[in-house]
Amino acid sequence: MPTMKEFTIPSADGVHQIYCRQWTPDGAVRGVVQIAHGVAEHIRRYDPFMTFLAERGFVAAGNDHLGHGYSVNSEEELGWFGESGGWSFVVGDMHRLHQKLKGEYPGVPIFLFGHSMGSFLSRTYAIGHGAELDGLVISGTGHQAKAMTTAGGAAARLEIRRHGTEYHSKLLNDLAFGGYNRGFSPARTESDWLSRDEAVVDAYRADPLCGFIPTAGLFRDMMGGIAFVTDRKNIRKMPKNLPVLFISGAADPVGENSKGVLRAYRAFVDEGMENVSLKLYPDARHEVLNETNRAEVYDDVLHWLERLV
C-alpha cells in the first residue's frame, strides 16, 4: 500500500509555510508526478488520483498554493497570493517542491500536472523551468484572448484601488465565474459546471476550503499569469521536445466548450512544440479527475506517463 506524508516548505514569499502532501509507492519508483491544483480548492482533493498513481509506481505530490488550504495563516488569507508578485511566488513554491522531489529521487523522470488555475501556473512553470521536466499534463485549461485578460486585469486593479488587494470581490468573482453554469440550466447548484457527479459537487460545496471568493489581488495576479502564458513569444521559450498532454472535458466552460483548449493546443504546435497530444472527453465538465468517467481519465494519464518512463 502507498504511504502518505505531510510536510511544509518555506514559501518563496518569505512569510508563509507551504503545506505539501506526498504519496509514495511501497515498491520501486518509476517516476514522480507533481500536481498543481486550481483556484478555491486544495491538494487533498487529489488524494484519489495520487493514490492511484502511487499504486502504480509513481510518487505523487503537490502543495496548497499561497492563499489556499493549509498554506494560509488565517481564514482571511484564503484567496490571497500577496500584496504584489503573487504569481511568481506561487510558481516559486512549485519550483521549491520540485527541487525537493528531485533531491529525493535523483535520476527519476519528473512530470508536472496542472489543473485549471494550476494549468496556467504549470504553463508558466514550463516557460521558465521546462528543461527540468520530463512531461507536462495540462487539465481544464483555456487560451483566453488578450482583450479578456486586459479587461480582467483592469477591473481587478480598479477593485484594488477601491478596496485593497485583500478584498474578496464578488464583482470580480461573478465576472470570472458567473457565466460558467449557464450551459447547464436548469442547474441543481451554482457549481454544476464542475462535474456531472453530484456527490463531487456536493462535497466541494460542503468543504470550507473550497468555493470561497478570491481576492482582488489574486484576480489581478491570475489575469497577468494567463496573459503571460498565452503570449506567443513566451510559448516559444518552452523546450520544443517537452512532451505535453492536454486533457479537458468537452463541455468545460473554462475551455469554452473545447474551443479554448483547441486554441492552446494549436498555439503549442504552431510555436514548434514537437510532442503535443490532446484528449477531449465528450459531455465531461471542468474537473475531469472528478468526473463520472474519471476511471478512463486516470488510465489515459497513466498510459501517457508510462510511455515516457
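**Entry 1: Ala264.** Ala264 sits in helix α9; helices (H or I, at least four residues) and strands (E, at least two) are DSSP runs, numbered from the N terminus. What does Ala264 contact, leaving aside its neighbours within four places in sequence? I noted Arg123, Gly142, His143 and Phe246, where contact means heavy atoms within 4.5 Å. Between Ala264 and Phe246 there are 8.8 Å from C-alpha to C-alpha, and they are 18 residues apart in sequence.

**A note on the source.** This is a predicted model, in which local features need pLDDT of at least 70 and side-chain atom pairs count only at pLDDT 80 or more, while totals for chains, interfaces and linings use all residues. Residues are numbered from 1 along each chain as its sequence is written, and side-chain values use heavy atoms, with hydrogens and water left out.

Entry 2: I then went to the loop between β7 (244-249) and α9 (259-270), where Asn257 is found. Ser258 is in the loop between β7 and α9 too. I checked the backbone angles here with one rule in mind. Most residues other than glycine have a negative phi, and most peptide bonds are trans. Asn257 has a positive phi of about 55 degrees, although it is not a glycine. For Ser258, phi is positive as well, near 95 degrees. Are these residues buried or exposed? Asn257 counts as partly exposed because its relative accessibility is 45%, whereas Ser258, at 9%, counts as buried.

**Entry 3: Pro186.** I looked for a cis peptide bond and found one from Ser185 to Pro186, with omega near -5 degrees. Pro186 belongs to the loop between α5 and α6. Pro186 is exposed, since its relative accessible area is 78%. I also took the C-alpha distance from Pro186 to Ile235: 39 Å in space, for 49 residues in sequence.

**Entry 4: the largest pocket.** How much space lies in the largest pocket? I wrote down about 1,200 Å³. For the method, a 1 Å grid is laid over the protein atoms alone: a cavity is a set of points where a 1.4 Å probe fits but cannot get out, a pocket is an open set with protein on both sides within 12 Å along at least five of seven lines, and lining residues have an atom within 4 Å of a point. Grid points are joined across faces, edges and corners, and a volume is the space filled by probe spheres set on the points. The largest pocket is lined by 48 residues, and the closest to its centre are Asn173, Ala176, Phe177, Gly178 and Tyr180. The elements that give two or more residues to this lining are α3 (117-129), α4 (146-163), α5 (170-177), α6 (198-206) and α7 (216-230). Of these, α5 gives the most, with seven residues. I sorted the lining by class and got 27 nonpolar, 14 polar and seven charged residues (Ala, Val, Leu, Ile, Met, Phe, Trp, Tyr, Cys and Pro count as nonpolar, Asp, Glu, Lys and Arg as charged, and the others, Gly among them, as polar).

**Entry 5: the cavity.** I found one cavity of 30 Å³ or more, and the largest cavity has a volume of about 90 Å³. Its lining includes Glu41, Arg45, His115, Glu287 and Tyr298. By class, that lining holds six nonpolar, two polar and three charged residues.

**Entry 6: Pro2.** Last, I turned to the segment before β1 (3-10), where Pro2 lies. Pro2 is buried, with a relative accessible area of 13%. Pro2 touches Trp23, Thr24, Thr51, Ala54 and Glu55, not counting residues up to four places away in sequence.

Methods: Buried < 20%, exposed > 50% of the residue type's maximum accessible area, 1.4 Å probe, protein only.
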